[in-house]
Amino acid sequence: MRFFVTGISGFAGGHLAAALLEAGHSVSGIARNVRVRAIERLHERYPGRFPVDAVRACDVRDGLQLREALRRFRPDGIFHLAGIAFVPRSFAEPRVAYQVNLFGALELLEAAREAAAEARVILVTSGEVYGWIDPGELPLREEQPLRPITPYAIGKAAADFAGFQVYWAEGRPVIRARPFNHTGPGQSPDFVCSEFARAIAAAEAGLGPTTLRVGDLDVERDFSDVRDVVRGYLALFERGEPGEAYNLGSGTARSIRSVLDGLIARSTVPMRIEADPAKQRPREIRRIVAAIDKVSAATGWRPEIPIERTLTDLLDHWREELRDAAT
């Protein structure tokens, strides 16, 4: 089959493209910058199967270029992953976050209507769309009201509603995926698990301090491996019900402290932890965990990769990255 991935150069996008190529599918997509290491790795890993012209440089807000790309590649399925994923950036640039996360999704849906109307669309939003929650509402189910509290989440929630509207009004095969926190090899150090792993790998290599400055370690989040999450996207494409929304998570709440402890346990040098007031947030949702019974019942998907492997692979990724950078 032919698949089109927006945000193919991103963290999850790269893993998704690799999974599709491993399964023997044809993969194309768009990225704001095609000259990044993630795209180069795909070309190197799948020579001939993932040609240089499989990815077009395109801002997801550019509907004209989106239409041209979809007409050229004629996909059977579309995975919409492009967007601003870093929540602090959405506070710093809320207008940009709304433009990319909401209007980018609208442009994609409209372009698909005109250029790939039969393509099944997996519209990736976020577990952040649930926003403010009462502890009694956990685990979070798909019927939970959406109360987004960040510019990032507001844009994603609006895109989520837009995906449903397209299905309801036009009958188009749009399925909404709501992934919760996911990590693994290749994640930007902007995100907490990767930030810790990179700092530890740098300390091991003598390239950074052995003291980690941290924020609130006792908040709990639902962490999954990115490779499990992209398997979830594929399962939703194959067996998800159009018009429906599905959580993708581990179904387990883990504290940031437990993740950091797991990474430090894998370190080859002693690491110290020091509280950094600048990393503390004035208001914080203390505990988040997803209910995943709906996606499991619909598709058979469940997470398979244990957190221990995720942390090992993430730390090894940064060790390799820093070693390559030093040579």
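**Figure 1. Arg172, a buried arginine in a loop of the predicted model.** In this predicted model, Arg172 has a relative accessible area of 8% and is buried. Arg172 is placed in the loop between H6 and E6. A polar atom of the Arg172 side chain lies 2.7 Å from the backbone oxygen of Leu109. Leu109 is also among the residues in contact with Arg172, together with Ala112, Arg113, Val166 and Tyr167, when neighbours within four places in sequence are left aside.

**Figure 2. The largest nonpolar core and the elements that supply it.** The largest nonpolar core holds 49 residues, and Ile8, Leu16, Phe50, Phe79 and Tyr233 touch the most other members. At least two residues of this core come from each of these elements: strands E1 (2-6), E2 (26-31), E5 (120-124), E6 (174-179) and E11 (245-248), and helices H1 (11-22), H2 (37-45) and H8 (226-239). Helix H8 gives the most to this core, with eight residues. In soluble globular proteins, nonpolar side chains tend to be buried together.

Figure 3. Which residues does Tyr233 touch, not counting residues up to four places away in sequence? Tyr233 touches Leu16, Phe79, Leu81, Ile122, Val124, Ala177, Pro179 and Leu248. A second, separate core has 26 residues, including Val60, Leu70, Ala82 and Ala105.

**Figure 4. Tyr130 and Phe180, a stacked aromatic pair.** A search of the whole structure finds eight aromatic pairs. One of them joins Tyr130 and Phe180, whose rings are stacked at 6.0 Å centre to centre, with 25° between the planes. Tyr130 lies in the loop between E5 and helix H6 (151-170), and Phe180 in the loop between E6 and strand E7 (182-183), so the pair ties together parts that are 50 residues apart in sequence. Are these two residues buried or exposed? Tyr130 counts as buried because its relative accessibility is 0%. Phe180 is buried too, with a relative accessible area of 5%.

**Figure 5. Phe164 and Tyr167, a tilted aromatic pair.** The rings of Phe164 and Tyr167 form a tilted pair, 6.1 Å centre to centre and with 50° between the planes. Both residues are in helix H6; they are three residues apart, so about one helical turn separates them. Phe164 counts as partly exposed, at 31% relative accessibility. Tyr167 also counts as partly exposed, at 27%.

**Figure 6. A ring cluster, and a charge over a ring.** Phe3, Phe79 and Phe237 are linked into a cluster by ring pairs. In another arrangement, the charged end of Lys294 sits over the ring of Tyr246, 5.0 Å from the ring centre.

**Figure 7. Helix H2 and its buried face.** Ile39, Leu42 and His43 are buried in H2. Why can these residues be said to line one face of the helix? Seen down the axis of H2, the buried residues fall within an arc of 100°, so they line one face. They pack against H1 and strand E3 (55-57). Glu44 and Arg45, on the other side of H2, are exposed.

**Figure 8. Helix H9 and its buried face.** Helix H9 covers residues 256-265, and Ile256, Val259, Leu260, Gly262 and Leu263 are buried in it. Viewed down the axis of H9, these buried residues fall within an arc of 155°, so they line one face of the helix.

**Figure 9. Ile292, a buried loop residue.** Ile292 lies in the loop between strand E13 (272-275) and helix H10 (293-299). Ile292 counts as buried, at 6% relative accessibility. Apart from neighbours within four places in sequence, Ile292 is in contact with Asn247, Gly249, Ser250, Gly251, Arg302 and Pro303. From Ile292 to Arg56 the separation is 236 residues in sequence and 34 Å in space, C-alpha to C-alpha.

**Figure 10. His317, a buried histidine in helix H11.** His317 is placed in helix H11, which covers residues 307-326. His317 has a relative accessible area of 14%; buried means under 20%, so His317 is buried. Not counting residues up to four places away in sequence, His317 touches Pro185 and Gly186.

Note on methods: Residues are numbered from 1 along each chain as its sequence is written. This is a predicted model: local features need pLDDT of at least 70, side-chain atom pairs count only at pLDDT 80 or more; totals for chains, interfaces and linings use all residues. Side-chain values use heavy atoms; hydrogens and water are left out. A nonpolar core is a set of buried Ala, Val, Leu, Ile, Met, Phe, Trp, Tyr and Cys residues joined through side-chain atoms within 4.5 Å. Buried means under 20% relative accessible area, exposed over 50%, partly exposed in between (1.4 Å probe, protein chains only). Helices (H or I, at least four residues) and strands (E, at least two) are DSSP runs, numbered from the N terminus. Contact means heavy atoms within 4.5 Å. Rings of Phe, Tyr and Trp (its six-membered ring) pair if their centres lie within 6.5 Å; planes under 30 degrees apart count as stacked, over 60 as edge-to-face and the rest as tilted. A charge sits over a ring if NZ of Lys or CZ of Arg is within 6 Å of the ring centre and within 35 degrees of the ring normal. A polar contact is a pair of N or O atoms within 3.5 Å; within protein, one must be able to donate a hydrogen and the other to accept it, and residues adjacent in sequence count only if both atoms are side-chain atoms. The arc is that of the directions from the helix axis to the C-beta atoms.
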